[in-house]
Amino acid sequence: MKLAFARRTLLALALTCVAAPAFAQGKTAVFAIENTLASLDPYDTNITLDLSVCKSFYQGLYSFDKDLKVVPELALSHEVSKDGLAYTFKLRRGAKFHDGSDFNAAAVKVVFDRVTNPENKLKRFNLFSNIDSTTVVDDATVRVKLKRPFSAFINQLAHPSAVMISPAALAKHGKQIGLNPVGTGPFKFVEWKQPDYVRVARNDKYWKPGLPKIDGIVWRPVTDSNTRTAMLQAGEAHFTAPVPFEQAENLAKNPKLDMISGPGIFAQYLSMNTRVKPFDDVRVRHAINYAINKPALAKVVYSGFATPAEGPVPMGVDFATQVGRYDHNPAKARELLKAAGYPTGFATELWASNNSTAQKATQFLQQQLAQVGIKVRITLLETGQRVQQLENVQNPAEAGVRLYFAGWSSSTGEADWALRPLFATEAQPPRLQNFAYYSNPALDDLLQQALNTSDRDAKASAYRSAQELVHKDAPWAFLVTRKVAYAKAKGLTGIYQMPDNSFQFENVELQP
Amino acid sequence: MIAYIFKRLLGVLPTLLIVAVLVFFFVHLLPGDPARLAAGAEADEQTVELVRRDLGLDQPMHKQFMRFIGGVLQGDFGHSIRTKRPVIDEIADRFPYTLKLTLAAMGWSVVIGLAIGIVAAVNRNRWPDRLGMALAVSGISFPSFALGLLLITVFAVGLGWLPTVGAESWRHYILPSLTLGAGVAAVMARFTRASFVEVLHEDYIRTARAKGVPERQVVLKHALRNALIPVVTMMGLQFGFLLGGSIVVEKVFNWPGLGRLLVDAVEMRDYPVIQAEVLLFSMQFILINLVVDVLYGVINPTIRYK
């Protein structure tokens, strides 16, 4: 084994000395992205970026358009049974996997059976654990039975992890499918040179005629944001996201580049542990909401690439409701604190992840809260520490968290995944991310009601009430919704960063 | 000499075993749950348990330890938690890049550093000395991330002469090796100067001059050899540090080397990768020390190890 290692190292040395792959051959676009990739198996990763890259070669039954509306992709239509348990899908005919095999109902069954089997130990198990069984009706019809009604199911199928993998490739590669992806998408997987790049080439037999319009894409992970923008300016990359706010102005001045910012669905919040004093008092929670100047936060910390939150769920998520704001009002905050029995304020802890934005934001929040007499001690948590002290806490009574600054984006683009993991009683750690330890049976009921009905109006009304309830109870200080910001070469068109931070690039074109 | 080297090499094995044991317990005592980190923010408790079983982290600590040591003895370092690829592949992918960049940086910085040091020592307190030492101090005090970004801004973005990132051709090596080598060259220059100044005061130099040896030969033959001992020691240490992968330079130039792998691994509590990298780094240091010891003997036969 040691010998093999040495030999491989020598071989790699020899190869890299000889071969020098040129990047901009033909019409190949280079996309500089912010992190190294962990896996190209969409069922075994939970990183948005991995999933975005996978969208080059994988497609789902449904997908999101650039405004996060669900549109059919490999499915043509669906019907739901009266009890909301059985979904029957008509599938597109004529779509082929890159290995030449046909996409059909059997493929859907293989893919869903794989993720729902706990023996496969896949990281996306919980997203699909509501599926009871999948049956092939005929070659182009498939029926999925759910364990309980789940009206967000179509949104769940539009999630970028719910994609169709070639059953032949799955049989051949097994657990190594993440290194050898085979899908139906506009591009074919060519190579993944870790940690340097992932290269994909145009799928000549793509089922959408006339697409794709370029020869290939090179996804290049570049972790340093200054370096990413330097690559774009030097013409070595055609697209980069995210753009650091500080550099946006500079890039916008460059005549060869487009600097674009659009709406996002990433909610930045400050959660308060509602189980413990003083945050068990709703007046204190309101006071904290009033104490923070949200427009100033958006301007100071996010350089304007954020808008004050209009409620718990960011606009753009399906069923999001504009429920209102707690406008900056320190006098009212002090009054509420006094009424709650804290006329001189109190001292507490504020936790956040350790990154430069969180650092700036927590300092801003510290200053704002100090103005109403709340003395905040900031602790920035390294990832391992965060898991230990926050996410893996087994007993709510032992939770040390008080104020926690964090963010969330609903990856299904729907209200269920923007509310349930954060506010439902069942979502308290260690299960999901209800770091406010908020528990309100009325809210739990509303969320369940919405999942049980597939009637859009009934759902909308349940979600509206749910959001109003959360707004009123205020387990969070609702802060801002971040915008997406990306930059591209002028010659590159047809690419968008969507509100959920993933990319849309099927129609991408490149002029020299 | 051969017997000496062989004996030293045998001595490496127990050291590596001790390092392996220490690093295993050290990484397993770090706070943070790798299964939770690998499963991600959207996973529920049941999924985290599935991932834990998949990674073998549900086993008791002593079983995990036996598996690790047993694997190491057979040259198997397990699979990365983050990417699920064999750790040996992860390291083999990156090691050549770190090695080549280290060689490129060490190559020029040692030559330049030595030259500046000698010139400065010979012309002590005159302008070549002042200029050389001013350069050396700037080399040490200029932070490498700033130097890297400055070089990119000037030569890649501004003038367009050199590429920004990547490691495909020799042109890709210029900017990162300059950035990485600047500090080393500066350290080498200062060390060489100090050592040389001392040696130039020795009796045998006076004797050499007295018996009429040309100054050029006094410097390059009589003085250089004797001044090299501390310089070689320093060179070995610097080489060892650079081989660990420079985290800053690798980040700025997006260099696909070992430093970035280690940062990613620590962030994700990727135990197998951390363990293998630490073992590799200790082995490199031990081997470099051995080479330095052998070089001592070559430079000055009177201090050859028995």
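This is a predicted model: local features need pLDDT of at least 70, side-chain atom pairs count only at pLDDT 80 or more; totals for chains, interfaces and linings use all residues.
Local features were considered only at pLDDT of at least 70 and side-chain atom pairs only at pLDDT 80 or more, whereas totals for chains, interfaces and linings use all residues. Residues are numbered from 1 along each chain as its sequence is written, while chains are lettered from A and ligands numbered from 1 in the order in which they are written.

The C-alpha trace of chain A spans about 70 × 55 × 50 Å along its principal axes. Of the 512 residues in chain A, 50% are buried; a residue is buried if 20 or more other C-beta atoms lie within 10 Å of its own, exposed if 12 or fewer, and partly exposed in between, with C-beta atoms placed from the backbone. Among contacts in chain A (C-beta atoms, placed from the backbone, within 7 Å) between residues at least 6 apart in sequence, 68% join residues at least 24 apart.

Strand β4 of chain A (residues 75–80) holds H78(A). Because H78(A) has 18 C-beta neighbours inside 10 Å, it counts as partly exposed. Beyond its neighbours within four places in sequence, H78(A) is in contact with Y87(A), T88(A), F89(A) and I154(A).

Helix packing comes next. Two packed helices are described by the angle between their axes and the distance between the axes. Here axes are lines fitted to C-alpha atoms, for helices over the stretch in contact, and angles run from 0 to 180 degrees between N-to-C directions. In chain A, helices α9 (residues 282–291) and α11 (residues 330–339) pack at about 165°, with axes 8 Å apart. The pair α9(A) and α11(A) is therefore roughly antiparallel (over 145 degrees; under 35 is roughly parallel, 65 to 115 roughly perpendicular and the rest oblique). Their crossing is left-handed, that is, the near helix is turned anticlockwise from the far one by less than a right angle, with clockwise being right-handed. The contact of α9(A) with α11(A) divides into 9 nonpolar, 1 polar and 2 charged residues, with Ala, Val, Leu, Ile, Met, Phe, Trp, Tyr, Cys and Pro counted as nonpolar, Asp, Glu, Lys and Arg as charged, and the others, Gly among them, as polar.

In chain B, α7(B) and helix α8 (residues 170–199) pack at about 145°, their axes 9 Å apart, and cross in a right-handed sense. This contact has 7 nonpolar, 4 polar and no charged residues.

Helix α9 of chain B (residues 203–210) is hardly covered, with 0 buried residues among its 8. Just after α9(B), G212(B) takes a positive phi of about 90°.

Finally, the contact between the chains takes 49 residues from chain B and 46 residues from chain A. On the chain B side, α3(B) gives the largest share, 7 residues. By class, that side has 20 nonpolar, 12 polar and 17 charged residues.

Note on methods
Helices (H or I, at least four residues) and strands (E, at least two) are DSSP runs, numbered from the N terminus. Two residues are in contact if their C-beta atoms, placed from the backbone, lie within 7 Å.
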